[in-house]
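The sequence and structure come first.

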Amino acid sequence: SGTHGKTTTTAMIGCILEEAGMDPTVIVGAQVLGWGSNAFVGHSDWVVLEADEYQNKFQYYNPEILVITSIDWDHPDCFTDPESYREVFRRFAERVPKDGSIVAYADDVDVWEVVQRLPVNVITYGRRHHRRRRIIEESEHDGLQRFWIEAETRLGPFDIGVSGVHNVSNATAAVSVALQLGISLEAIRKGLKKFQGTERRMQLIGTMSCGATVIDDYAHHPVEVAATLAGLRQRFGKKAIH
């Protein structure tokens with residue numbers, strides 16, 4: 001769940017569980033490029049679901065592990081102000097059982113405000129100090145983003161083939177879920193590296209006859225637009241972006 005990043009994060013978790021041989025069912029809000037579908041139907045008891053807050057659809061779900069990537073007021077047709085928007089996430093987080101876990105992007109002050117007092121295992125991630133999964137040593141090489149995670153020990157390296165620092169954050173959430181499930185670092189690294197992205201999330205469409213590269217992206221919230229443009233700038237350097 002989260003205002004931003006939930007589609008990519010859900011798909012990344014699904015790819016890792018698939019690589020680990022857990023045969024999950026995964027339901028994503030966009031087509032996953034490596035699957036050719038928005039869903040992957042497995043035969044185990046594991047289900048990974050992208051949970052959308054719109055119209056408070058959270059009320060239908062009871063997660064054992066909940067990821068909250070961000071909370072940034074959206075859907076004003078349903079939520080009249082930022083507090084009513086935060087409240088729906090707060091109620092959702094309260095549905096996690098005491099023996100469950102919440103993976104929370106604690107660099108987001110609204111996410112931290114929602115989860116900090118809950119009587120469950122809260123696994124924080126981000127780039128600031130005092131995160132249980134802290135992103136460190138970010139770099140880019142051969143079209144891949146590489147990063148390490150500082151946890152109880154130093155974990156990595158992890159490589160992803162999608163651009164933007166926000167996708168490193170999404171990948172860290174996926175890694176945190178996988179670690180909670182006891183998945184090996186080898187399977188985590190392989191699953192992330194195989195992830196090709198999702199439809200309309202900085203998706204490469206092709207190259208025009210004039211040489212221009214065409215990218216399709218679903219970003220519509222101002223924060224998402226800014227993150228997408230920053231990711232494109234990171235990927236294409238000084239080239240013009242229109």
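In which strand does F147 lie? F147 is in strand β8, residues 144-150; strands (E, at least two residues) and helices (H or I, at least four) are DSSP runs numbered from the N terminus. The model is predicted, so local features need pLDDT of at least 70 and side-chain atom pairs pLDDT 80 or more, while totals for chains, interfaces and linings use all residues. Residues are numbered from 1 along each chain as its sequence is written, and side-chain values use heavy atoms, without hydrogens and water.

L49 belongs to strand β3. The table gives the accessibility of two residues.

| Residue | Relative accessible area | Class |
|---|---|---|
| F147 | 0% | buried (under 20%, 1.4 Å probe, protein chains only) |

I27, V47 and L49 make a nonpolar surface patch of about 240 Å².

The second largest pocket has a volume of about 680 Å³. Its lining counts 27 residues, and V47, V48, P63, E64 and I65 are those nearest the centre. By class, 16 of the lining residues are nonpolar, seven polar and four charged. At least two lining residues come from each of α1 (6-19), β3 (47-49), β4 (65-68) and α4 (165-180). The largest share, five residues, is supplied by α1.

Notes:
1 Å grid on protein atoms, 1.4 Å probe; cavity = no way out; pocket = protein on both sides within 12 Å on 5 of 7 lines; lining within 4 Å. Points joined across faces, edges and corners; volume = space filled by probe spheres on them. Nonpolar A, V, L, I, M, F, W, Y, C, P; charged D, E, K, R; others polar. Patch = residues over 30% accessible without salt bridge, like charges linked within 9 Å, V, L, I, M, F, W, Y side chains within 5 Å. Areas by Shrake-Rupley, 256 points an atom, 1.4 Å probe, with all protein chains shown as cover. Salt bridge = Lys/Arg side-chain N within 4 Å of Asp/Glu carboxyl O. Buried < 20%, exposed > 50% of the residue type's maximum accessible area, 1.4 Å probe, protein only.
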